[in-house]
Amino acid sequence: MRRNRPLSAQAISVLRALATDPSRWRYGDDLVTEVHLKPGSLYPIPVRLADRGPLEATWEPGPASRPPRHLYRLSGAGREHVAALPPAARAARTTPRPNLRLSEASCR
Amino acid sequence: MPLMFIFVVGIAVTLIRRRLLAAPGDRPAGDAPARLLGWAAGLLAAQRQEWGQAMIGELDRLDGQGRRWRFTLSCVGAAVVLPPWGRAAAALGALMAVAASAGGLVVYTYQHYRLSIDGWTWVGAAVLLTVLVGYILGGSALLRRPGVAGPGLVGGLLVAAAWLTVGGFTFNRWLNSLGSHSWLLFLVPVVVGVGGTLWGGSAAGGRRAARLAAVTAALTIYLYGVLAVAVRGAAGHDPSDGWTAARVVEDNLSNQATFYLMALPLMTASIGWAAAAATARLRYGQPAPAPLPAPTTTPRATQPWAHPSREDHPAPARPHPGDPSGAIAATRRRRTWYPLLLGAALAATAFLVFLSFLGPHSR
């Protein structure tokens with residue numbers, strides 16, 4: 001990871017949602033549904049997590065002239081990060097809260 | 001009333017211009033949410049482009065207008081509200097500080113001069129707040145565009161300097177409209193439009209620089225004008241009218257908003273826009289069709305699904321597949337009408353601005 005600052009509760013929510021099936025690639029829309037964040041709040045999170053290391057990201061080419069879709073899944077570092085979360089803290093910090101402000105949702 | 005007419009003319013010209021200059025095939029693909037999200041993705045800093053492309057890709061797979069609109073509005077809100085990066089963030093901070101200072105000075109003036117407050121005061125405050133926030137958001141969007149911040153901000157300072165020169169610099173001369181050299185108000189926006197076009201290499205760059213200059217100058221000069229009212233109070237009014245001091249202060253405050261938050265930016269943006277278009281035509285000739293890159297798996301803002309602003313791709317005269325000669329003739333007719341309409345609108349605007357605002361400076 002490039003930075004050692006702690007992840008926000010929403011970023012951990014994303015990691016935890018991905019950890020339910022770590023090997024499966026997910027679309028951003030899947031994460032919006034699972035984490036219950038607004039799209040505008042969610043999309044910076046996996047992109048930044050991919051930059052920091054816990055996530056792997058790839059592009060799924062679209063059909064002709066259609067835009068590609070971004071896919072995400074946990075990296076090895078991300079699995080270790082989720083596994084290392086204290087159970088109590090994990091439960092408390094990963095409870096999704098709907099309608100969060102953007103500043104709350106970003107990776108701190 | 002003349003100012004209202006100016007605004008109506010400006011809006012009408014903008015709408016008709018889009019109709020006249022855009023051939024049917026020039027409309028970007030996709031529905032309104034896709035176009036709106038593409039525009040918003042273009043506002044994102046280079047470091048956030050991947051985020052914008054991810055949202056565009058996701059929207060493409062969503063069904064249902066309601067769901068697509070909800071998704072788009074959420075993403076657009078985030079893209080617009082997120083501050084830009086680097087020097088643009090500093091410039092945005094400066095604009096916000098100027099706007100906040102002006103708003104604070106208005107509140108101070110109301111309290112200091114014990115001006116009466118009624119329902120219309122709150123309506124005016126709401127309008128003022130809306131205009132100031134709108135300028136900040138508009139300035140934020142312009143500051144994110146490459147090659148706009150430099151000429152736009154410098155141009156804004158030049159325009160502000162021109163209005164200060166015409167206004168007479170001192171608070172007393174400002175409120176008494178004792179300035180001169182009104183021609184500067186026309187010349188400097190032309191310089192901004194030309195300089196922005198040459199700096200950015202396109203008419204779109206010049207137009208954006210002129211818009212940013214208009215926003216910057218409007219906020220700066222409005223702050224100066226409100227400061228003049230706060231310091232001088234009931235100056236600059238003929239005492240034979242029998243107005244109370246409070247009424248004169250109120251009138252001075254509303255004049256600052258009307259002239260410098262409305263007339264100044266409209267005039268600057270309109271003249272700069274025309275200068276940018278003329279410069280691009282003379283310097284670069286007829287705009288060439290912008291080729292769209294072939295789709296790849298690597299996202300880039302210039303790919304077709306990013307739907308960059310129409311200004312980035314000037315409308316070429318594309319023949320219609322079904323009736324090429326008829327479509328070309330129709331496009332030519334539209335483009336013949338456009339300069340005539342623009343010339344008439346600019347003449348009317350300049351004349352009304354002269355009547356409503358520049359006239360008192362000749363006293």
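Visitor: Where is the place of Ala91(B), and is the residue buried or exposed?

Guide: Ala91(B) belongs to helix H5 (residues 86-112) of chain B. A residue is buried if 20 or more other C-beta atoms lie within 10 Å of its own, and because Ala91(B) has 22 other C-beta atoms within 10 Å, the residue is buried.

Visitor: How should I read the confidence of the model before going on?

Guide: Where pLDDT is low, the predicted coordinates should not be read in detail. Chain A has a mean pLDDT of 74, with 74% of its residues at 70 or more, and chain B has a mean of 76, with 71% of its residues at 70 or more. For the complex, the predictor gives an ipTM of 0.71 and a pTM of 0.61.

Visitor: Which elements have the lowest and the highest confidence in chain A and in chain B?

Guide: Among the elements of chain A, the lowest mean pLDDT, 40, is that of helix H7 (residues 102-105) of chain A, and the highest, 87, is that of strand E3 (residues 69-74) of chain A. In chain B, helix H1 (residues 2-21) of chain B is lowest at a mean of 63, whereas helix H10 (residues 203-232) of chain B is highest at 90. Over residues 288-322 of chain B the pLDDT is below 50, and this stretch has 60 contacts in the model beyond near neighbours in sequence. Chain A has a stretch under 50 as well, residues 91-108, for which the model has 37 contacts beyond four places in sequence.

Visitor: How many helices and strands does chain A have, and in what order do the elements run?

Guide: Chain A has seven helices and three strands, and from the N terminus on its elements run α-β-α-α-α-β-β-α-α-α. Of its 108 residues, 42% count as buried, and among the contacts in chain A with a separation of 6 or more, 63% join residues 24 or more positions apart.

Visitor: Which residues of H4(A) are buried?

Guide: Eight of the nine residues of H4(A) are buried, which leaves the helix mostly covered; they are Pro44(A), Ile45(A), Pro46(A), Val47(A), Arg48(A), Leu49(A), Ala50(A) and Arg52(A). Just after H4(A), Gly53(A) takes a positive phi of about 125°.

Visitor: How many residues does each chain give to the contact between chain A and chain B, and which elements of chain A take part?

Guide: The contact takes 20 residues from chain A and 22 residues from chain B. On the side of chain A, the elements that give two or more residues are helix H2 (28-35), helix H3 (39-42), helix H4 (44-52) and E3 of chain A, and H3(A) gives the most, with three residues. By class, this side has ten nonpolar, six polar and four charged residues.

Visitor: How does one describe two helices that pack together?

Guide: Two packed helices are described by the angle between their axes and the distance between the axes. In chain B, the axes of helix H2 (residues 32-43) and helix H4 (residues 65-81) come within 9 Å and cross at roughly 15°, and angles under 35 degrees count as roughly parallel, so H2(B) and H4(B) are roughly parallel to each other. H2(B) passes H4(B) in a left-handed crossing. Residues that meet there include Leu36(B) and Leu37(B) in H2(B) and Trp69(B) and Val76(B) in H4(B), and by class the contact has eleven nonpolar, one polar and one charged residues.

Visitor: What is the angle between H9(B) and H11(B), and how far apart are their axes?

Guide: Helix H9 (residues 184-200) of chain B and helix H11 (residues 245-284) of chain B pack at an angle of about 45°, with their axes 7 Å apart, and they are therefore oblique to each other. Their crossing is right-handed. Among the residues that make the contact are Phe186(B) and Gly193(B) of H9(B) and Ile271(B) and Trp273(B) of H11(B), and the residues of this contact divide into 13 nonpolar, six polar and one charged.

How values were computed
Residues are numbered from 1 along each chain as its sequence is written. Chains are lettered from A and ligands numbered from 1 in the order in which they are written. This is a predicted model: local features need pLDDT of at least 70, side-chain atom pairs count only at pLDDT 80 or more; totals for chains, interfaces and linings use all residues. pLDDT is the predictor's confidence in each residue, from 0 to 100. Helices (H or I, at least four residues) and strands (E, at least two) are DSSP runs, numbered from the N terminus. Two residues are in contact if their C-beta atoms, placed from the backbone, lie within 7 Å. A residue is buried if 20 or more other C-beta atoms lie within 10 Å of its own, exposed if 12 or fewer, and partly exposed in between; C-beta atoms are placed from the backbone. Ala, Val, Leu, Ile, Met, Phe, Trp, Tyr, Cys and Pro count as nonpolar, Asp, Glu, Lys and Arg as charged, and the others, Gly among them, as polar. Axes are lines fitted to C-alpha atoms, for helices over the stretch in contact, and angles run from 0 to 180 degrees between N-to-C directions. Angles under 35 degrees count as roughly parallel, over 145 as roughly antiparallel, 65 to 115 as roughly perpendicular and the rest as oblique. A crossing is left-handed if the near helix is turned anticlockwise from the far one by less than a right angle, and right-handed if clockwise.
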